[in-house]
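This report describes selected features of a predicted model. The sequence and structure are shown first, and the description follows.

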Amino acid sequence: MAADKPIRLAIVAGEESGDLLGADIVRALERTTGRRVQLVGIGGRHLQQLGMTPLFDGSEIALMGFSAVLRDLPRLMRRISQTAAAIAAERPDCLVTIDSPDFSLRVAKKVRAAAPTIPIVHYVCPSVWAWRPGRAVAMKPYVDHILCILPFEVKALARLGGPPGTYVGHRLTQDPGVLGAAKAQSQPRDLADDRVKTVLVLPGSRRGEVRRLMEPFGKAMSSLRQRGHRLRLLLPTVPHVTELVKASVASWDDKPEIITEPERKWQAFGKADAALIASGTVSLELALAGVPMVSCYKLDPIARQLLQHLVTTWSALLPNLISDRALVPEFYDQYVRPENLARQLEALFADTGMRAWQKAGFAEIARRMATERPSGEIAAEVVMGCIRKAVGSRQ
């Protein structure tokens, strides 16, 4: 490879988070190789700032939910074929697909069929360790390497017969908001019984989650009040469910402070004595910030019937899976009972063994997730390794 020749990179990134990850790789490639990167594919504003002209708006593939995918399936299939054909025609040095596996891995499969010599790297391992494990071995013919963001995924891929993986780290470990909250949580804290308890309430970012959890969460707060606790409730949320959240808390005995600004969210994480949450990525944010928590989730009836036959993992929470211990209590569906949630929280905002157990586990999670170099740099190294291997095999 000529040292002055641009690296021609195809990227498929539909989500905002994937756009950020792709931009990190591009910048790291240019920094570590001294070469320009020419981009083709799908990306958002971050990749566009680095020179990409996307084939179409990436928000079209950022669909959430089974019904949304079914409704738009014909258009999605056309976009998959269009994307794969355009990338195969460009013959890039490497294709990097990022997250959104239902779309991006279908693109990868078609590109491999049309242009078998293009190396393909997928960033963000699909959750094969949690459900539908057969996807791991199914990826192997058309994915050369997987960039993993959770430390246990490399072994999981090997165990399930999937492509080789490399742990590159997770963006949250370096997030300034998380680090600031963790610093605040590390300070000495008054846990006396008679003080006002600051409780984070995090009912999720999807409308269905909020609708199903706000009532039991409100009743849990009422139960804590009836049991003699004085509470300060902080409820960080996102703009598209803010009005639903406001309507839902109108009947609560203690009205939470609703927070929509990202900076104030991380300040709330730093102040919290404990959190009651909807199961999701926020559990990892809280663990890395050091906030003790109780996790809940209520599935809609259709999803409950589907997932009970597909889920294979022992826990649905990332902090539990990363630490390989039952750190955070999890309650699902009919077991989301307000009186129980109240008592669980009591054991976390006091000086108890349960609080200490979680805190120690969260520190172990931070250690396990740490990397010696930035994620983008590790990912770029893997991409360059795949490019060199492909060039060598053609010579």
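An α-helix has 3.6 residues a turn, so residues three or four places apart point the same way.

Strands β5 and β6 belong to an open sheet of six strands, ordered β2-β1-β3-β4-β5-β6, in which the pairing is parallel. At its edges stand β2 (37-42) and β6 (165-167), each of which pairs on one side only. On average, and with direction ignored, neighbouring strands of this sheet are turned by 20° against each other.

Within this sheet, β3 (residues 94-98) pairs with β4 (residues 120-123) through four bridges in the parallel sense. Thr97 has His122 of β4 opposite to it. Helix α5 (residues 101-114) packs on the sheet, where α5 touches β1 (7-13), β2, β3 and β4. The direction of α5 makes about 160° with that of β3.

The loop between β3 and α5 contains Ser100. Is Ser100 buried or exposed? Ser100 counts as buried because its relative accessibility is 12%, and the cut-off for a buried residue is under 20%. Apart from neighbours within four places in sequence, Ser100 is in contact with Gly14 and Glu15.

A further open sheet is formed by six strands in the order β9-β8-β7-β10-β11-β12, again with parallel pairing. Its edge strands, β9 (257-259) and β12 (330-332), each pair on one side only. Neighbouring strands here are turned by 20° against each other on average, direction ignored. Strand β11 (residues 293-297) runs parallel to β12 and is joined to β12 by three bridges. Tyr297 has Tyr332 in β12 as its bridge partner.

| Strand pair | Bridges | Sense |
|---|---|---|
| β3 (residues 94-98) and β4 (residues 120-123) | four bridges | parallel |
| β11 (residues 293-297) and β12 | three bridges | parallel |

Conventions: Residues numbered from 1 in each chain as written. Predicted model: local features only at pLDDT ≥ 70, side-chain atom pairs only at ≥ 80, totals over all residues. Heavy atoms only, no water. Pairing = 2+ DSSP bridges. Helix = DSSP H or I, 4+ residues; strand = E, 2+ residues; numbered from the N terminus. Axes fitted to C-alpha atoms, helices over the stretch in contact; angles between N-to-C directions. Contact = heavy atoms within 4.5 Å. Buried < 20%, exposed > 50% of the residue type's maximum accessible area, 1.4 Å probe, protein only.
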